[in-house]
Amino acid sequence: MKITFNDIVAKSQTLSKKVLSVAVAQDEAVIEAVAEAKKKGICDAILVGDEAKIKEIAAGMGVDISQFEIINEPDVIQASLTAVKLCHDGKADMYMKGLLETKDFLRSVLDKEVGLRTGGVLSHVCVFDIPGVEKLLFFTDVAFMTYPTLEDKVNIIKNTIPVCNACGIENPKVAPLAAVEVVNPKMPVCVEADELTKMNERGEITGCIVDGPLSLDLAIDPEAAKHKHIEGRKIQGDADILLFPDIHAGNLVYKAIVHTTKVENGCILTGTKVPVILTSRSDTFETKVNSIALAAVVAHEIKKANA
């Protein structure tokens, strides 16, 4: 049976309630999403920012802001540092961007004193529930890592496995994508995909099945895999994780799906101490709520792994 975002929300409701820390929370779209997440029982929230503006926006929306703790910090940079410190100190389980520039938000994530560094690589994963595709698809990296090296790709896979686990996929199939499914020595992407496969076979990448290089159709379409008669491959159109060769390929596919298909998705930044919700101004209300729910189940997975 296909796992959907309704299932992810339902799972988040069965876990111990998580706390979301929001940096510079005086943003209508963010307050709307956080209020919905609270209503659905996904999480509680601490709103850090200009208290007067937060209350004014909430009143205009008809949102009962008294249900949230507010920390008054009108300065944008200081608000981000205050909000991320809540996660750093274990007082919050997830971190979300409000009304501030992405570069400033990421500076808080990477702050050496109060940030969320773990010593590893940070990467972005987007979870897609696409009509006609009989499973969730995990796209990585489509928004953060620009030109990942072979070592980066190993870390991206390792960052994405817990996200799959949190969504109920225990041994995800990883497809390192390329234009073709053969190892062409003149195409570095294919060579690296083959090396990732061998590393998985040698036990250097665990908790998943890696099979590449694979073209996109062979990774996600069982009929394409059947008609092309690919044999001896561990993935036959049933990949879970789509590992893109660079940010251009990933971002183009991501936006083509989002803007042409009725799709549900949620995105988080991984490789951090807690899940980071880095949504775009153009993301829908549903995507923001889905991202909070995704972060909540991943936060539980992280805590379980570190227990």
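The points below go from the aromatic rings to the strands and then to the charged side chains.

1. Ground rules. This is a predicted model, in which local features need pLDDT of at least 70, side-chain atom pairs count only at pLDDT 80 or more, and totals for chains, interfaces and linings use all residues. Residues are numbered from 1 along each chain as its sequence is written, and side-chain values use heavy atoms, with hydrogens and water left out.

2. Aromatic pairs. Searching the whole structure turns up four aromatic pairs. For the term itself: rings of Phe, Tyr and Trp (its six-membered ring) pair if their centres lie within 6.5 Å, and planes under 30 degrees apart count as stacked, over 60 as edge-to-face and the rest as tilted. Take Phe-128 and Tyr-254: the ring centres are 5.6 Å apart and the planes sit at 50°, so this pair is tilted. Helices (H or I, at least four residues) and strands (E, at least two) are DSSP runs, numbered from the N terminus.

3. E5 pairs with E10 in the antiparallel sense, over seven bridges; two strands pair if DSSP finds at least two bridges between them. If you want a spot to look at, Ser-123 stands opposite Thr-270 in E10. Strand E10 (residues 264-270) is mostly covered, with six of its seven residues buried.

4. Salt bridges. How many does the structure hold? There are 17 salt bridges, each one a side-chain nitrogen of Lys or Arg within 4 Å of a carboxyl oxygen of Asp or Glu. Lys-103, Asp-104 and Arg-107 are linked in a network of them.

5. Lys-55 forms a salt bridge with Glu-51, and the closest N and O atoms are 3.1 Å apart. Both residues lie in helix H3 (residues 51-61), four residues apart, or about one turn of the helix. Lys-55 counts as partly exposed because its relative accessibility is 40%, and Glu-51, at 26%, also counts as partly exposed.

6. Asp-89 and Lys-85. In this salt bridge the closest N and O atoms are 2.5 Å apart. Asp-89 has a relative accessible area of 36%, so it is partly exposed. Lys-85 is partly exposed too, at 38% relative accessibility.

7. A bridge between helices. Lys-153 forms a salt bridge with Glu-192, with 2.8 Å between the closest N and O atoms. This pair links distant parts of the chain, 39 residues apart: Lys-153 is in helix H6 (residues 150-166) and Glu-192 is in helix H7 (residues 188-201). Lys-153 is buried, with a relative accessible area of 5%, whereas Glu-192 counts as partly exposed at 22%.

8. One more residue in H7. Lys-198 lies in this helix as well, and its relative accessible area of 38% makes it partly exposed. Lys-198 and Gly-132 are 66 residues apart in sequence and 32 Å apart in space, C-alpha to C-alpha.

How values were computed
Buried < 20%, exposed > 50% of the residue type's maximum accessible area, 1.4 Å probe, protein only.
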